[in-house]
Amino acid sequence: MEKETLVSSSSSSSSWGADPPPEDCWIEAHRELLPRWRSLRESSQTPIPISISRVNQFDAARLDVEMTAMLKEQLVKVFSLMKPGFLFQYEPELDAFLEFLIWRFSIWVDKPTPGNALMNLRYRDERAVPTGGKEVRTGLEGPGLSVSQKIWYCLTTVGGRYIWSRLQSFSAFRRWGDFEQRSLGRRLWLLIQRVEGLYKAASFSNLLIFLYTGRYRSIIERALKARLVYGSPNMNRAVSFEYMNRQLVWNEFSEMLLLLLPLLNSSSIKKFLLPFSKDKTSGSSSDESECPICHANPTIPFVALPCQHRYCYYCLRTRCAAVGSYRCARCNEAVVAIQRHGLGEGRTSKN
């Protein structure tokens, strides 16, 4: 038995090797593996998917344009008493100044633009969006734009648009497009046209991607990773649905009238309303002495029967020939026949 225990103890000591590890070895191992575990946990977490209305984003951009136009209109009124056309040559500078003011008092101070504020939207730095933790509840959390993003946004939107508008006006004034094919002006004009075409193509591609994903409505926002998200998860509707329905019905009715009014014949409507506006036999002496069609003294006076109103022969004859059942322009009564003015018995048929 003693031999067996010795053999077993010698075998166990040989299997374990040297001295056993220290008691605090697990602490060191925990410290080494903890950063790896945190990195794996953060990489496995995905942000909460959120969907921002595309219509609201487009409406916000349109409201910003309308706000700029309204401010421009008020500013133009200030210089209304000055020389006509004074602000025309400085219009790009005026537009850039107004856009800079909107940027300075909205995006630069971490506030939404007027259009974004009305649509409950704000800019968020998509590169610094938290993926987990106690601070993430709705998926709308995240810091605003950084200082570099704000500056680049101003340079690209305000400065870029101003430089491009000035470049186009300068090239049109210098007539670069009319120069010869080998001239430097012609080459610069072709370069401007190509750059503009590429920008439009990229904008159209970005629009298709935006309609599919709902992110980054412009190329500038996509390049800066500035995404529009809801400023508040809960927003009360300021306008009632009843008012919106009335406004919608009135807009559709006005558009229908604008479409149908040019198609209506004003003369036929006037003839239709004539019996309701005055009596058939009423009329002043000056009206009776003129032809109701050409509004001149009849050269060959004829009267319409049976209403006895006087016309020019050619005016009355052509109208009766063109219209099967012509009605008098004064009383709206059907003209059965025409008669030479001053003749008592003889009658001439309308046909």
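This report walks through helix packing and aromatic pairs in a predicted model.

Residues are numbered from 1 along each chain as its sequence is written. Local features need pLDDT of at least 70, side-chain atom pairs count only at pLDDT 80 or more, totals for chains, interfaces and linings use all residues, and side-chain values use heavy atoms, with hydrogens and water left out.

Let's start with two helices (DSSP runs of H or I, at least four residues, numbered from the N terminus). The axes of α4 (residues 91–104) and α6 (residues 147–174) come within 9 Å and cross at roughly 170°; these axes are lines fitted to C-alpha atoms over the stretch in contact, with angles from 0 to 180 degrees between N-to-C directions. The two helices, α4 and α6, are therefore roughly antiparallel (angles over 145 degrees). Contact means heavy atoms within 4.5 Å, and among the α4 residues that meet α6 are F100 and W103.

Next come the aromatic rings. Rings of Phe, Tyr and Trp (its six-membered ring) pair if their centres lie within 6.5 Å; planes under 30 degrees apart count as stacked, over 60 as edge-to-face and the rest as tilted. By this rule there are six aromatic pairs, including these two:

| Pair | Centre distance | Plane angle | Class |
|---|---|---|---|
| F58 and F210 | 5.1 Å | 85° | edge-to-face |
| W103 and W108 | 5.4 Å | 40° | tilted |

F58 lies in helix α3 and F210 in helix α7, 152 residues apart. F58 is partly exposed at 36% relative accessibility, while F210 is buried at 0%; buried means under 20% relative accessible area, exposed over 50%, partly exposed in between (1.4 Å probe, protein chains only). W103 is buried at 8%, whereas W108 is partly exposed at 31%. F100, W103 and W108 form one aromatic cluster.

Notes. Angles under 35 degrees count as roughly parallel, over 145 as roughly antiparallel, 65 to 115 as roughly perpendicular and the rest as oblique.
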